[in-house]
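These are my notebook entries on one structure. I set down what I looked up, beginning with the ligand and ending with the backbone.

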Amino acid sequence: MMEPDQDRLDPEALAAELGTTWLGRPHAHVGSCPSTNDLAAAEARRGASEGLLVTADAQTAGRGRQGRIWHSPAGTNLYFSLLLRPRATATHIPPLTLLVGGALAEAIASLGFDVRVKWPNDLLVAAGHRRRKVAGILTEASTEGARLAHVIVGIGINVNGVGFPAELADKATSLRLAGGEPLSRVAVLSRILAVLEPAYEHFAERGPAVAISTWESYADLGRRCRVVVEGREVEGVSEGVDPDGALRVRSDDGRRHRVISGEVATR
Ligand code: BTN
């Protein structure tokens, strides 16, 4: 049984488990900050090198996708941001986010969880009769002309949290709630970085198709879903993702649609 005070997240604790060559190095840890994505972006602007990891025990203004708040209470979960400097254009951001989602799914599955990824990058685990969200990814990029100057990949994972605000109670879970045991945050983080480092190297060498195949292997494709395409609600079945990261949905009248941004509601 792991006590909370044993669950340290500082550089010394991570270094004891981290097996990567460059990802997660160097590692900066803070007790609390508004958002680790902001700290990592500030370091990126100061010239920090690819691989930098910023972790926080708590965030006071954690951000989710689509302007949402990311619930970030102290000491129980993982809130971290990675600095990447892909030699690519902004078109690579959606597939890069899928790559991270696929790697995250692979790492969580390797810890013994039944995990799925919901487009574009919600990680869901089986909790009771349903799947609930356990992790999410917020990718924020800075460009110089057509090229990417840096990409900040922010990841939030509910590891040991057991209480959620009322509006999330029905949708969110944690690895602890799903698996019945507390987990060491450092063990989860080092596993993720170990899976992501080679996946990203492969992506950098071979391009977006690499990202899609792992993502699809954990995706809940072939399910009925509701999406908004060009302002119109479409109901149909999700079929896969294109190399640019768009979700393909076939509607009931047989037409095919590409969803570039937004949310998917599953039935
Ligand atoms: C989502 O699913 O909406 C994305 C959530 C991303 C949350 C993480 S926590 C670490 C990093 N800092 C933030 O402010 N957001 C991301």
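**Entry 1: the ligand**

I looked up Lys-133 and found one of its polar side-chain atoms 2.6 Å from an oxygen atom of the ligand. I took as a polar contact a pair of N or O atoms within 3.5 Å; within protein, one must be able to donate a hydrogen and the other to accept it, and residues adjacent in sequence count only if both atoms are side-chain atoms. The protein covers 99% of the 410 Å² of accessible area that the ligand has on its own (Shrake-Rupley method, 1.4 Å probe).

I note that this is a predicted model, in which local features need pLDDT of at least 70, side-chain atom pairs count only at pLDDT 80 or more, and totals for chains, interfaces and linings use all residues. Residues are numbered from 1 along each chain as its sequence is written, and side-chain values use heavy atoms, with hydrogens and water left out.

I then read two further contacts. A polar side-chain atom of Gln-59 is 2.9 Å from a nitrogen atom of the ligand, and a polar backbone atom of Arg-63 is 2.7 Å from a ligand oxygen atom.

**Entry 2: the shell**

I recorded 20 residues around the ligand, of which Ser-35, Gln-59, Arg-63, Arg-65 and Lys-133 come nearest (near: a heavy atom within 4 Å). By class, the shell has six nonpolar, ten polar and four charged residues. Here Ala, Val, Leu, Ile, Met, Phe, Trp, Tyr, Cys and Pro count as nonpolar, Asp, Glu, Lys and Arg as charged, and the others, Gly among them, as polar.

Which element supplies the largest share of the shell? I found that S6 does, with four residues. Helix H2 (36–45), strand S3 (78–84), strand S6 (130–144) and strand S7 (147–157) each give at least two; helices (H or I, at least four residues) and strands (E, at least two) are DSSP runs, numbered from the N terminus.

**Entry 3: the backbone**

Most residues other than glycine have a negative phi, and most peptide bonds are trans.

I found a cis peptide bond between Arg-25 and Pro-26, with omega about -5°; Pro-26 is in the loop between H1 and S1. The bond from Trp-119 to Pro-120 is also cis, with omega near -5°, and Pro-120 lies in the loop between strand S4 (115–118) and strand S5 (122–127).

I noted that Gln-66 has a positive phi, near 55°. Gln-66 is in the loop between strand S2 (53–59) and S3.
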